Amino acid sequence: MIYLDNAATTRICDEALEEMMPFLKEEYASPLGQYALGFRANSALNTARGRVAALIGADVSEIIFTSCATESNNLFLRGLIRNLLNAGTDPAHKSISIVTQTTEHASVLNTCEDIAREYDRVRLIKVPVDRNGFVNEAAYREALKERPDVVSIMHVNNETGAVNDIKNLCGLAHEAGAIFHTDAVQSVPHMRVNVREIGVDALSVSGHKLHGPKGSGFLYLRKGVIIKPLLTGGGQENGLRSGTPDVAACVGLGKACEVLADRLIPDTNAALAADRFAQVIKEVLPHAIVNRPTGSDVSYYDPNRDLCEQSSKLYLREIVSVSIPGGDALSLIHDLDMAGICCSSGAACSAGKKGVSHVLTAMGIGEKLAKGTLRFSFSRYNTEEEATEAAVIVGRVVQKNLENHGILFK
Ligand code: PLP
């Protein structure tokens with residue numbers, strides 16, 4: 001099996017699994033326990049928090065452990081809006097507006113839509129993207145003229161790898177008086193992200209996308225930003241997420257973050273494997289469209305360079321989106337699975353979505369082509385040899401699938 005669906009989830013790294021094991025077996029006490037076992041659990045939780053904070057340049061007090069990025073996004077968006085609505089008894093707060101973009105992950109987009117449906121006083125503005133998937137800056141500036149209360153724009157898109165220039169977008173949002181949040185689920189595993197440098201007020205990360213365990217994630221919330229908790233109870237996580245913490249999951253997440261911080265810059269495996277894959281796909285399937293924009297205004301993130309600042313048109317190399325004219329992604333994924341390749345169509349983590357990707361259609365890719373689009377995503381465990389082998393198999397399987405459906409594709 002060749003696993004090329006790392007944007008959906010990754011295998012846990014050995015270092016994280018190893019550190020977690022004692023907390024699942026012998027060291028199972030609650031971190032609130034007032035005895036040695038409990039103190040050790042609490043100390044492990046603190047170590048994990050320190051490692052997470054170090055990865056993104058935050059203070060430990062600014063990290064809230066959650067169960068996944070979906071929860072982090074919900075906690076921030078719902079928690080902030082509830083706080084603003086609560087504070088809004090004065091006329092200056094008659095209405096609240098949220099700005100987001102059309103290609104956000106469902107955990108942001110559906111949450112914003114749900115909030116807007118729930119509260120009459122909340123208005124949602126969805127900013128379009130350009131044909132390469134970057135937020136349309138003119139439309140964004142226009143939306144900011146409405147002086148929104150909150151802006152949520154993702155760092156890296158999970159279907160295309162388009163990297164938004166968060167530092168710039170955040171700066172513009174701040175000038176307009178908004179609080180800025182970014183969903184950094186797909187950027188943190190591959191790029192050095194420092195919250196102080198990019199200036200965001202809140203940032204969501206998922207553990208299982210960076211070789212940590214499933215059921216782990218966190219929200220960075222800058223000191224001074226006030227949200228209301230969604231879960232009330234014992235007041236854990238600074239009162240923002242009650243419930244006995246999953247110490248093992250947090251320990252695994254912390255270790256995965258530490259390993260990532262250690263190897264982030266020298267680790268080019270995933271990017272090189274993805275580059276090779278894209279190159280061989282172009283050879284074996286000349287009529288396929290590898291959705292990797294080229295041009296003088298587009299560049300690819302270079303993991304060899306320690307950079308946070310960017311030209312505005314930057315792409316992550318580890319996500320390779322391939323459109324097969326005339327193809328049907330679900331049928332292709334099935335055939336590729338039979339041939340030992342795991343990949344996905346668009347947002348694989350949106351359960352049961354058989355429809356067309358909202359991201360690709362927002363970029364102006366026609367419905368037919370969007371339906372035939374596959375996503376291959378790479379991790380540090382993929383090699384260039386494996387990528388070559390996978391691309392050759394993909395070429396063969398796609399040709400066969402199309403022939404079986406009477407589609408000529410030479
Ligand atoms: N945000 C982005 C950009 C994602 O790609 C995903 C999952 O694919 C999520 C959020 C949700 O992450 P989680 O599965 O941790 O809830």
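Is F134 buried or exposed? F134 is buried, with a relative accessible area of 3%. This is a predicted model.

**Aromatic pairs**

- A pair of aromatic rings is described by the distance of the centres and the angle of the planes.
- The count of aromatic pairs here comes to three.
- One of them joins F134 and Y315. Their ring centres are 5.5 Å apart, and the angle between the planes is 90°. The pair is edge-to-face because planes over 60 degrees apart count that way.
- This pair links distant parts of the chain, as F134 and Y315 are 181 residues apart. F134 sits in the loop between β4 (122-127) and α5 (137-144). Y315 belongs to strand β12 (residues 314-315).
- Y315 is buried, with a relative accessible area of 1%.
- F277 and F376 have ring centres 4.6 Å apart. Their planes meet at 50°, so this pair is tilted.
- F277 is in helix α9 (residues 269-284), while F376 is in strand β15 (residues 373-377). The pair therefore ties together parts that are 99 residues apart in sequence.
- F277 and F376 are both buried.
- One aromatic cluster is formed by F277, F376 and F378.

**A charge over a ring**

- R11 lies over the face of Y381. The distance to the ring centre is 4.0 Å.

**Positive phi angles**

- Most residues other than glycine have a negative phi.
- R147 is not a glycine, yet its phi is positive, at about 50°. R147 lies in the loop between α5 and β5 (150-152). Its relative accessible area is 53%, so R147 is exposed. The cut-off for exposed is over 50%.
- E237 is not a glycine either, and it has a positive phi of about 50°. E237 is placed in the loop between β9 (217-221) and α8 (247-263). Its relative accessibility is 10%, so E237 counts as buried. The cut-off for buried is under 20%.

**A residue in helix α13**

- V398 is found in helix α13, which covers residues 384-404.
- V398 is buried, with a relative accessible area of 0%.
- V398 and S43 are 355 residues apart along the chain. Their C-alpha atoms are separated by 52 Å.

Note on methods
Residues numbered from 1 in each chain as written. Predicted model: local features only at pLDDT ≥ 70, side-chain atom pairs only at ≥ 80, totals over all residues. Heavy atoms only, no water. Helix = DSSP H or I, 4+ residues; strand = E, 2+ residues; numbered from the N terminus. Buried < 20%, exposed > 50% of the residue type's maximum accessible area, 1.4 Å probe, protein only. Phe/Tyr/Trp six-rings, centres within 6.5 Å; stacked < 30°, edge-to-face > 60°. Lys NZ or Arg CZ within 6 Å of the ring centre and 35° of its normal.
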